[in-house]
Amino acid sequence: MALLEISNLQISFGGLRAVDDFNLNIEKGELYGLIGPNGAGKTTVFNLLTGEYKPDEGIVKLDGRDITGKSTIEINKAGIARTFQNIRLFKQLSVIDNVKVGLHNQYQYSTATSILRLPKYFAVEKEMNDKAMALLKVFDLDQEAEYLSANLPYGKQRKLEIARALATNPKLLLLDEPAAGMNPNETEELMKTIKVLQKDFQMTILLIEHDMKLVSGICERLTVLNFGRILTQGDTKTVLKNPEVIKAYLGE
Amino acid sequence: MKSKIAAMSKTSRDNFKTYAMVLIVYVVVMIFQAAGLVSSQMSGLLVPLCVYATMAVSLNLVVGILGELSLGHAGFMCVGAFAGAFFSKITENSMGTFPRFFLAIVIGGLVAGIFGFLIGIPVLRLNGDYLAIVTLAFGEIIKNIMNVLYVGQDASGLHFSMTSATDLNMDGATGNLIINGPQGITGTPFDSTFTAGIIILMISLIVVLNLMNSRDGRAIMSIRDNHIAAESVGINITKYKMTAFTISAVIAGCAGSLYAHNLASLIATPARFGYNMSIMFLVFVVLGGIGSMRGSIIAATILTLLPEILRFMAGYRMLIYSIVLIVIMIVNWNPKSRAWLAEHNLSRFLFKKHHEKKEVK
C-alpha cells in the first residue's frame, strides 16, 4: 500500500478548473517530484493536500487513512508537513524557537505549569531544547540557534523552514520550490540535505521544483502538471525525455 | 549572586532586570515616603500608577505578543473594577480587610476574564483593523451598561434592574443600594495601597514574562508572526488567541479592582473607562516598545507623572504633554535618530538589546 494515495482530486475557482482529475501514489521512503510550468496548479495541489483548500471532489489517503477535507491542523497531526514557496518563518522568533514551535504538539505541559514554572516545565523544556538542537545540527544551523530567524541568509532560512516542518514529526514532507532563489552552491548543499532526510530520517518527500538539475538529480519519479491536468508521470529519466513535457516547458 | 545571574539565559536575565527595576522603584519610593519627601499629590498617584503600569502590561500581551490591536481594554478594567468593588461592598461587614481585598482582586480578575473569553469568541475571528474597531465597540458597550445597571441587596437577596433604583422593589427596611446606575458604587473601602499595587504589577509581569518563554507563548508569537505557517505546523490558532486574550483580560480586571478600591465613588465615566483611556494604554505600549514589558512600565510611569510634574504650567500643561509625547516617539522610533543614538553609544539607555540585529556572515 502506498503512503499517499490521491485519486481523482479536483478543485475549481469560479469557472477555472485549477486541478482536475489528479491521481498520485507515493510509496514510503520515495522522493517524488511534481513539476510543470508556472500556473499549472502545483502549489494548489499542495494546498489541497494540507487542507488549505477543500477539494470539490476526490479522495486523499495517508497511510490508508482518509484525510480528505480535514483541517490543516488535523492533517499536520496525521503526518503531513510542508514548506512554502515564499518563505514563511516566524521572523521575530529565534532560530531555535522556530523549531520549538514545530515541536509544539509532541511535548505537553499546561499553561499553569509554564506560568508557575513547575518542575515539569524545566524538564520538558530541556527535552524540547535538546531535540530542537539536534534537528538544527542536521541542517547545520546549530551555530545560529539564538539568532533572529529574519536575520538568517536566504539559503539558511529555507533550511530552517524544512527543519521546522520536520520537527512536527511527519510521515510525508511537502517541499514547495525549496531551491527557489538559491545559488548553485546552495542548491548543491540542499540536494545533499534532502538526500540525508530520505536516508537517515526515512522521510517520504514530495517536492515542487523548477530547477531541473535538482529534479533530475534527486527525484526518483515525477508527475508533470499542465493547465491543472496530469501530462505524464513515471520515472524521472523517461518523463524528462517525453516530447510533450519538453513542449509544455519550452513551447512549440 | 553575580555568577548566578551570569549563568542565566539572556531572556531570564532580561526578565530579572525588569523585576529588579520594579522592586528598586518600590524600595526608593517607600524610603522617600518614610522620610516625608513625597508630596500628598504624588502619593495619591502611586496606586493609579500601578494600575496603569499593570494595564500596559496587560495590553502589551495582546498587542505585542499576540499581535492584535485591542482598543477596548478599559472595558475589561471597568468590569474588574465594578466586580471587585461590588464584592467588597457586600462583604464589607462580614470579612477582614485583607482576605476581602485579596478576594476582591481575584474576583475582579475572574469576572473580567469571563468577559474577555465571551467577547473573544466573536472578536478573535476577525483580525487587524476590524478587530480593533470591534473591541472599541465592546469597550464602550461595557461602560454604558455599567451606567444603567442598578443592583441592590436586601434580606431576600440581590435585586437587579436596568431601568431605575425603584424598579429593584427592595424591602425598604433592609434594602441597600449597591450599584446605583450612573452614580455607580460609592463607599468602596479604601483597601488599595502602593504595596498591593506593586504586588499585582509584579504578579502580572511574572505571568506574562513566564508565558512568553514557554510552549504556549511561542505558539502565540508564532501566530503573530505568520498564522498560515503556524497552522501548518499544527498550532491551534483559536485556542491560543483565546488564551492570550483571556489572560490579558484577567490582568486588566485585577488592575480595575485595584483601581476601584482607591476611589471614593466608582463611576463608569468616559474619562475613567472610555475609549480615550484605552488609547492611553495603547500609547504606553507603543511608546515603551511593542512587546517590551519593561518599556511599557517605564512609559506608563513617565506619562502618568508628567501631567503632575507639569501642573505649574497650568493651561499649557496638556500642550507640553502632547509635545513631549511627540518628541519621545520621534526620538525613540525614527530610524535616523536611532542610528544617531547607536553611533554615539546611547542606544542602550533606550532600547532592549534583544532587538539589536546581528549580522550573519
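Reply: In H3(B), the residues Val47(B), Cys50(B), Val51(B), Tyr52(B), Thr54(B), Met55(B), Ser58(B), Leu59(B), Leu61(B), Val62(B) and Leu66(B) meet a set of residues in H10(B). On the H10(B) side these are Lys241(B), Ala244(B), Phe245(B), Ile247(B), Ser248(B), Ile251(B), Ala252(B), Ala255(B), Leu258(B) and Tyr259(B). Contact here means heavy atoms within 4.5 Å, and helices are DSSP runs (H or I, at least four residues) numbered from the N terminus.

The model is predicted: local features need pLDDT of at least 70 and side-chain atom pairs pLDDT 80 or more, while totals for chains, interfaces and linings use all residues. Residues are numbered from 1 along each chain as its sequence is written, chains are lettered from A and ligands numbered from 1 in the order written, and side-chain values use heavy atoms, without hydrogens and water.

H3(B) covers residues 40–66, and its axis lies 9 Å from that of H10(B), at an angle of about 170°. Axes are lines fitted to C-alpha atoms over the stretch in contact, with angles from 0 to 180 degrees between N-to-C directions. H3(B) is therefore roughly antiparallel to H10(B), a label for angles over 145 degrees. The contact has 17 nonpolar, three polar and one charged residues. Ala, Val, Leu, Ile, Met, Phe, Trp, Tyr, Cys and Pro count as nonpolar, Asp, Glu, Lys and Arg as charged, and the others, Gly among them, as polar.

H10(B), residues 237–260, also packs with H7(B), residues 194–212; their axes come within 10 Å and cross at roughly 175°. H7(B) is thus roughly antiparallel to H10(B) as well. H7(B) contributes Ala196(B), Gly197(B), Ile200(B), Ser204(B), Val207(B), Val208(B) and Leu211(B), and H10(B) contributes Ile247(B), Ile251(B), Cys254(B) and Leu258(B). By class, this contact has nine nonpolar, two polar and no charged residues.

Now the interface between the chains. There, 34 residues of chain A are in contact with 31 residues of chain B. The count of salt bridges between them is one: Arg218(B) pairs with Glu125(A), the closest N and O atoms being 3.0 Å apart. A salt bridge is a side-chain nitrogen of Lys or Arg within 4 Å of a carboxyl oxygen of Asp or Glu. On the chain A side, H3(A) gives the largest share of the residues touching chain B, four residues.

Glu125(A) also forms a salt bridge with Lys100(A), at 4.0 Å between the closest N and O atoms. Glu125(A) lies in helix H5 of chain A and Lys100(A) in helix H3 of chain A, so the pair ties together parts 25 residues apart in sequence.

Key. Helix = DSSP H or I, 4+ residues; strand = E, 2+ residues; numbered from the N terminus. Parallel < 35°, antiparallel > 145°, perpendicular 65-115°, else oblique.
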